[in-house]
Amino acid sequence: MSITNPLKKSVSAIILDLDGTLLNTDGVVANVLRVFLVKYGKKWDGREAHRIVGKTPLEAAAAIVEDYELPCATDDFLSEIKPMFSEHWCNIKSLPGANRLIKHLHGHGVPMALASNSPKASIEQKISYHQGWKESFSVIIGGDEVRIGKPSPEIFLEAAKRLNVEPSSCLVVEDSIPGVTAGKTAGMEVVAVPSLQKQANLYTSADEVINSLLDLRPEKWGLPPFEDWIDSTLPLEPWCIGGPVIKGYGRGSKVLGIPTANLSTEGYSELLSEHPSGVYFGWARLSTRGIYKMVMSIGWNPYFNNPEKTIEPWLLHDFDEDFYGEELRIVVVGYIRPEANFPTLESLVEKIHEDGRIAEGALELPLYSRYRTDPYLTGPVKGDHHHS
Ligand code: RBF
Ligand code: MG
């Protein structure tokens with residue numbers, strides 16, 4: 001067992017939550033509510049998100065009726081909104097790392113249960129759009145199959161029973177506080193993957209808090225480790241982002257000696273909500289200069305505690321001048337680690353340099369180097385004349 005991933009406890013089965021843990025349900029729920037509330041002359045502002053996450057449909061509905069002072073009974077609200085939701089289940093994307101986790105555990109024969117506060121029928125609908133998910137779970141249990149939903153432990157205890165394992169041999173993966181409470185009350189090990197940002201401090205009863213499923217290390221729980229990490233990097237389905245280089249907080253070069261070429265997050269809220277904060281790497285192209293290796297952080301920079309999520313690419317090349325305003329395009333090809341806090345500025349800087357070395361080395365691997373010629377990087381730049 002490696003030093004960095006010491007064994008916490010051996011489990012023999014895993015119980016996964018669905019909404020907010022495997023599926024990015026929140027975005028779809030917010031969109032439906034936004035449209036719905038307009039009818040009542042109200043504006044969805046997301047402030048109830050924390051009152052909805054992890055709740056049963058009835059509890060969530062009651063919270064919304066109350067907060068928005070809707071002139072209808074919770075039941076009526078629920079029956080009106082339910083069909084609007086089911087129309088959108090096909091649009092829910094899986095969260096980063098969810099598909100990988102399911103395939104990995106199923107492939108290694110780890111017994112898996114899906115336990116969600118939502119009704120069994122909607123669980124089955126939601127997962128039907130994700131290939132291979134249904135078959136991977138030997139148990140699927142909905143909130144309508146128990147007397148009380150999470151935070152009561154009942155649903156997890158019932159899942160363990162159906163898996164035919166002791167509760168103490170189960171690992172629960174959960175995004176919500178009610179879910180974490182339910183798992184701990186059931187006597188299980190619990191990994192929290194908080195879906196609401198900057199709330200990680202509220203998950204103190206969890207056995208581990210991780211930033212996204214990309215950071216789950218099954219070997220810490222006595223389960224087979226992922227085999228896709230290569231040279232300290234995790235290959236991802238490549239994604240692109242670009243725009244003019246903006247001035248960030250001005251700390252990069254001045255405080256750290258690490259000049260980042262920050263991108264504006266404007267227009268990228270959806271893309272950013274799809275990708276967990278963390279340290280990524282890939283290829284970058286500056287319109288007038290060329291293509292460079294790149295390592296970047298996305299997130300709130302815990303050390304500086306930014307109020308906003310920022311995108312801070314560090315081009316691994318010595319430039320002798322600033323290039324604010326120049327068009328930067330990036331293809332992200334892999335993941336390195338979650339953002340972290342550090343006791344000193346020196347240790348933050350040291351870590352970022354290590355990220356740089358990891359990216360430099362990994363980008364030589366054919367797996368990653370082939371994206372250097374990605375059409376997004378080599379194609380015409382905005383403002384160029386197109387001849388077709
Ligand atoms: N900031 C943090 O607070 N924690 C981190 O773990 C962290 N990792 C980074 C990794 C890379 C590769 C880069 C380029 C930046 C990272 N930063 C991190 C952000 C850094 O603090 C930021 O770029 C400077 O503060 C400039 O605003
Ligand atoms: Mg959940």
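The model is predicted, so local features are reported only at pLDDT of at least 70 and side-chain atom pairs only at pLDDT 80 or more, while totals for chains, interfaces and linings use all residues. Residues are numbered from 1 along each chain as its sequence is written, chains are lettered from A and ligands numbered from 1 in the order in which they are written, and side-chain values use heavy atoms, with hydrogens and water left out.

Let me begin with the sheet. Six strands form an open sheet in the order β3-β2-β1-β4-β5-β6, and their pairing is parallel. Helices (H or I, at least four residues) and strands (E, at least two) are DSSP runs, numbered from the N terminus; two strands pair if DSSP finds at least two bridges between them. The edges are formed by β3 (139–142) and β6 (208–209), each of which pairs on one side only. Helix α6, residues 120–128, packs on this sheet and touches β2 (112–116) and β3, with its direction at about 125° to that of β3. Contact here means heavy atoms within 4.5 Å; axes are lines fitted to C-alpha atoms, for helices over the stretch in contact, and angles run from 0 to 180 degrees between N-to-C directions.

I turn now to β4. On one side, β4 pairs with β1 in the parallel sense over 4 bridges; C170 is the bridge partner of A13, and V172 stands opposite I15. Strand β5 also runs parallel to β4 and is joined to it by 4 bridges, with E189 of β5 as the bridge partner of L171. How many residues of β4 are buried? The count is 5 of its 5, where buried means under 20% relative accessible area, exposed over 50% and partly exposed in between, with a 1.4 Å probe and protein chains only. Both faces are covered: C170, V172 and E174 are buried on one side, and L171 and V173 on the other. Helix α9 lies across β4 and β5 (189–192), running at about 165° to β5.

At ligand 1, an oxygen atom of the ligand lies 2.3 Å from a polar side-chain atom of E312. A backbone N or O atom of Y303 is 2.8 Å from a ligand oxygen, and for P302 the corresponding distance is 3.1 Å.

Finally, the backbone. The peptide bond from K150 to P151 is cis, with omega near 10°, and P151 sits in the loop between β3 and α8 (154–163). N164, in the loop between α8 and β4, has a positive phi of about 65° although it is not a glycine. N164 is exposed, with a relative accessible area of 70%.

How values were computed:
Polar contact = N/O pair within 3.5 Å; in protein donor to acceptor, adjacent residues only side chain to side chain.
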